[in-house]
Amino acid sequence: MRLLTEGLDRLVRRPSAFERLWAVAERRRVFIASVTEPVDSNSPIGIALLRILVALAGMESATTGIRISAQRRSEAEAGNPPATKAYGHPADWTAIVPDEAAVIRESVNRALDGERLEQIARDLRARGIPRPREKRGPVHH
């Protein structure tokens with residue numbers, strides 16, 4: 001059997017994750033091939049190349065994370081609000097959205113009282129309160 005992947009970086013980005021995948025693939029006699037990279041696991045060279053590509057994908061992911069963190073730090077030091085909207089604040093971060101802040105306070109208090117996060121989330125969904133990244137209308141308590 002063959003496991004085709006569009007790109008190795010979409011499949012795994014850490015060598016440890018690849019090794020776990022490879023152990024299962026070997027046990028089940030599955031070989032890994034990519035439609036975007038000229039490698040497959042049918043040979044020792046192919047496996048070595050897969051391992052190198054996984055390491056490079058991990059390095060690229062880490063480098064991207066460092067670059068994004070530096071950009072966000074620079075923006076904050078310049079006094080600019082974050083590019084993404086935070087639940088409880090308008091997009092420009094200049095105020096507090098009262099309805100959203102109330103949902104945050106309620107959720108925190110419930111969690112501190114020992115209620116499970118899954119139950120709190122289920123209750124908020126049942127009440128029609130959107131997730132933080134969903135389009136919002138008025139909040140109903």
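Trainee: How far does α2 reach from its first C-alpha to its last?
Mentor: A helix here is a DSSP run of H or I with at least four residues, a strand is a run of E with at least two, and both are numbered from the N terminus. The expected span is 1.5 Å times one less than the number of residues. With 13 residues, α2 is expected to span 18 Å, and its actual reach is close to that, at 18 Å.

Trainee: What kind of model are these values computed from?
Mentor: Residues are numbered from 1 along each chain as its sequence is written, and side-chain values use heavy atoms, without hydrogens and water. Local features need pLDDT of at least 70 and side-chain atom pairs count only at pLDDT 80 or more, while totals for chains, interfaces and linings use all residues, since this is a predicted model.

Trainee: Which residues of α2 are buried, and what arc do they cover?
Mentor: Buried means under 20% relative accessible area, exposed means over 50%, and partly exposed lies in between, with a 1.4 Å probe and protein chains only. By that rule F18, W22 and A25 are the buried residues of α2. An α-helix has 3.6 residues a turn, so residues three or four places apart point the same way. The arc is taken from the directions between the helix axis and the C-beta atoms, and these residues lie on the same side of α2 because they cover an arc of only 60 degrees.

Trainee: Which exposed residues sit on the face turned away from that buried side of α2?
Mentor: The buried residues of α2 pack against β2 (31-34) and α3. The face of α2 turned the other way carries the exposed residues R20 and R27.

Trainee: At roughly what angle do the axes of α2 and α3 cross?
Mentor: Axes are lines fitted to C-alpha atoms, for helices over the stretch in contact, and angles run from 0 to 180 degrees between N-to-C directions. The axes of α2 (residues 15-27) and α3 (residues 44-77) come within 9 Å and cross at roughly 145 degrees.

Trainee: Which residues of α3 make that contact with α2?
Mentor: Contact means heavy atoms within 4.5 Å. From α2 the residues are P15, F18, E19 and W22, and from α3 they are I47, L50, R51 and V54.

Trainee: How many residues of that contact of α2 with α3 are charged?
Mentor: Ala, Val, Leu, Ile, Met, Phe, Trp, Tyr, Cys and Pro count as nonpolar, Asp, Glu, Lys and Arg as charged, and the others, Gly among them, as polar. The contact of α2 with α3 has six nonpolar residues, no polar ones, and, as charged residues, two.

Trainee: What separates the C-alpha atoms of A57 and R13?
Mentor: A57 lies in α3 and is buried, with a relative accessible area of 12%. R13 is 44 residues away along the chain, yet the distance between the two C-alpha atoms is 5.5 Å.

Trainee: Leaving aside neighbours within four places in sequence, which residues does S107 contact?
Mentor: S107 belongs to α4 (residues 98-112) and is buried, at 17% relative accessible area. α4 packs with α5 (residues 117-126) at about 145 degrees, with the axes 10 Å apart. Beyond those neighbours, S107 is in contact with I120 and L124.
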